[in-house]
Amino acid sequence: MSIQLAVVLVVVLLVLVALIGGFLFYIYWGLVQRPTPKASGAAHLPGLSRPVEVLLDKHGVPHIYAESQADLFYAQGYMHARDRLWQMEQNRRIAHGTLSEIFGESALEVDRFSRIIGFRRAAQVEAAQLDTETLAILEMYVAGINAYIAANPGRLAAEFNLVRLAPALWQVEDVVAHHKLWSWSLGVNWETELTRLQLMAKLGPIRAAELEPDYPGSAPIILEAAGDIEAMRLLSTAGLLLNEYEKIKQWVGQPVEGMGSNSWVIAPKHTQTRRAILCNDPHLALQIPGVWYENALHCPGFEASGVTYPGAPGVMIGHTAEIAWGLTNSFVDVQDLYVERAHADEPERFEYEGGWEDATVLEETIHIRRREAPHVERVVITRHGPLISNLIRDAESPPLPLALCWTGHQPGNGIRSVLKLNRAHDWDGFVEALADWGAAPQNVTFADADGNIGFLLAGMMPIRRQNLGLVPAPGWDGTHEWPGFVPAHELPRIYNPASGRIVTANNKIVGDDFSHFLGVDFVPGWRAARIEEMLAEKERFSLRDMEEMQLDTTSKFAALLTPFFAQLNSDDSFVKVALSYLRKWNYRLDAESTAGLVMHYALLCLLDEVYGNKIGDLRDPYMGIARSPIFLMNGFAHRATAKLLELLSSEVESPWYTDMETQRHRTRDEVLYAALAQAVELIRAELGDNARRWNWGRVHQVRYVHPLGSVRLFKGLFNRGPFPVGGDATTPNQTSHAPKLPPDLVQVTASYRQIYDVGLWDRAQTVTTSGQSGHPMSSNYADQIPMWLEGAYHPMPWSREAVRTAALNRIELLPMSA
């Protein structure tokens, strides 16, 4: 090779290196690093009337001090946009059905779902009926968001730069749509109605009822009211509709069981400080940035501290100067499906009480990136709600019209309720605020600085007089309507119980003699039982005791199931080892637990042996794997495991134990051994023969996955993990994964932990799953992950003196004229 050629190659190589380096520098600095906001500084903003001071601790938690409520919520909107604007934009687009404008054809089914359900339509109706004060607060909140957008073109967030998107300015309607989306995410019944219907079709009403603990003994009304042809078309529609959701799982990750929450409150007579203690840890889908954003809000007449949803004003979970509260999902049924009977010649007219009614028909235009022609979605809305059967495309024959009735379609006062709660001073104010609570019923725990404790169920719950909402009902005869909603004063509540303890963990709320039917989708009480067990262990508790309770990995479910396996015997050496671990187990699902790993594999093998191979393609929904396109909850979560325990405890022989391959009837011990042997075989294949390496944490891990983290180039930038964790869906420290083998990554965890020594607010301690910032180059993007993993907390000070002591940075928001 000549010297000249060598020089040319070297020059070309250097040029290529320079070009690649320049490109990577452009991505790193220009697109990713540059949008990361400065930790301190000042901003002159239009719309502010007086200066606002924002003090931030080392975790980036803002404590906002304003001289008026208008300026306070303006500043909260500004700070939300500063740290989480991309997350807010993504949620706004899900609610409005406009993801396809960014992500193209792959997001179309999500947009179709959103347009048909009608989050935006419901938000428009509610926004038009807002009271004057709430509307004024929302207008100032969105003005703060828009001020940040206007002041930072090209520097809003890395994601905007990478997908080349400039966000539209926010409107009040966007905030309400976000609230509607949140309300929907906490409901589960519409999907379980369809799954229950399919199980009845496959097995018959009697055997289907055997699959559900506490299942009402009556056959589904629709099978009695509809003709044979209509019933068959309904069953076909259910299957097609549920299968549609399989197409869009990529937008939400693998659906899992176990979404829920814990909250408990104990009276001063049971605490070392002689003050009430309130704890809360809502369990939600793991994501980065996290669901919650911590902040404290201070102005004359309004002071609250806790966590918020970026995209909505106020504090969702937290405390004021006098009271504290926590939330857990109630799993009350607020969704019903109705089978509509269309006119033979006019398909958009539907029968009702012997007459025919015109449906409302809307044409929703969905613009799709890189596609010239938009998609036009024809939405048909009956008196009961939108026809969700229209989600089905390309069916051989038209699906039976199936309408969704959801409380969220009604205008509510959920945002006003949160703002009133943030101003409450005592139990009466707390009760009054929650009388306005909107469409997502919640269990709300309460404690005040005077030592009072309480609980109430808040939300809009339909009155059902005939239809229980367990399966689709006939929409044409008028006998299955909702005549109204349960008055707030008739909902369950407790105030200062004699026990001095209140525990809620998504378990059943009231007895069967309660005057209103609330549903059947409650979580079995294993977590609640364990929390109550710990609260009975001693007379007085400290904050450290509360930390240990939130981090507890003991499973009451495992304590009930494991003895059935432990009493078995085997000649196989590896099964003997597994049995040895099970017999010595303390039922703690720590990451290092071998018995915990064996139990989980054996449980899932047993579920398949008993139920899974007998219900075919309904196995996943029955086991609790959701098929919703946007949300992870499934009302069947835990029902299979709860029913399995009932079966094992009551029947030594059962048709459910039958070996489906040979049709041989088996005893309980035979099916238990078959499951255990299969579990051990699977564990050996995945983890090897050394049982000391059979640790739960090797297959039970969390990974923080950002929506753009699926792109190889950005994976290391946006994602974090994986990390081994303990617990499962049945432990107070809940970490849930899809019920299948090998286990997928954990998807549901404690999204936030709070512990309040009520009244001593400077002793408040909290932690979120990841961090405050949504900017991947920020030091606060993932700084709370180690704390969350190890069970540590950070202080959340309240008094101005304590806040100033903890403050690391300061931001001044100033009027333009200042």
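**Leu85 and the cores**

Let me start with Leu85, which is in contact with His80, Ile145, Ile149, Leu156, Phe160, Pro167 and Trp170, leaving aside its neighbours within four places in sequence. Contact here means heavy atoms within 4.5 Å.

Before going on, the ground rules. This is a predicted model, in which local features need pLDDT of at least 70 and side-chain atom pairs count only at pLDDT 80 or more, while totals for chains, interfaces and linings use all residues. Residues are numbered from 1 along each chain as its sequence is written, and side-chain values use heavy atoms, with hydrogens and water left out.

Leu85 is among the residues with the most contacts inside the largest nonpolar core, which has 166 residues; Trp292, Met316, Phe430, Met546 and Leu813 are the others listed. Helix H2 (residues 69–96) gives the most to this core, with 12 residues. Another core lies apart from it, with 56 residues, including Ala578, Met599, Leu603 and Leu645. A nonpolar core is a set of buried Ala, Val, Leu, Ile, Met, Phe, Trp, Tyr and Cys residues joined through side-chain atoms within 4.5 Å. Buried means under 20% relative accessible area, exposed over 50%, and partly exposed in between, with a 1.4 Å probe and protein chains only. Helices (H or I, at least four residues) and strands (E, at least two) are DSSP runs, numbered from the N terminus.

**Strands**

Next, strand S9 (residues 323–329). Why is S9 largely enclosed by the rest of the structure? Because 7 of its 7 residues are buried. On one side these are Ile323, Trp325, Leu327 and Asn329, and on the other Ala324, Gly326 and Thr328.

S9 runs antiparallel to strand S8 (residues 317–319), joined by 2 bridges, and a hairpin of 3 residues connects S8 to S9. His319 stands opposite Ala324 in S9. S9 is also antiparallel to strand S16 (residues 442–448), here with 7 bridges; the partner of Ile323 in S16 is Asp448. Two strands pair if DSSP finds at least two bridges between them.

Elsewhere, 3 strands form an open sheet with mixed pairing, in the order S15-S10-S18. S15 (402–406) and S18 (473–474) stand at the edges with a single partner strand each, so one side of each has no neighbour in the sheet. Strand S10 (residues 335–339) pairs with S18 in the parallel sense over 2 bridges, and Val339 has Pro474 as its bridge partner in S18.

**Rings**

There are 21 aromatic pairs. Rings of Phe, Tyr and Trp (its six-membered ring) pair if their centres lie within 6.5 Å; planes under 30 degrees apart count as stacked, over 60 as edge-to-face and the rest as tilted. Phe119 and Trp184 are edge-to-face, at 5.9 Å centre to centre and 75° between the planes. Phe119 lies in helix H5 (residues 119–127) and Trp184 in helix H8 (residues 172–185), so the pair ties together parts 65 residues apart in sequence. Both residues, Phe119 and Trp184, are buried. Ring pairs also link them with Phe113 and Trp406 into a cluster.

**Thr562**

Last, Thr562 in helix H17 (residues 556–566). Is Thr562 buried or exposed? Thr562 counts as buried, because its relative accessibility is 1%. Not counting residues up to four places away in sequence, Thr562 touches Leu582, Trp585, Tyr587 and Met599.
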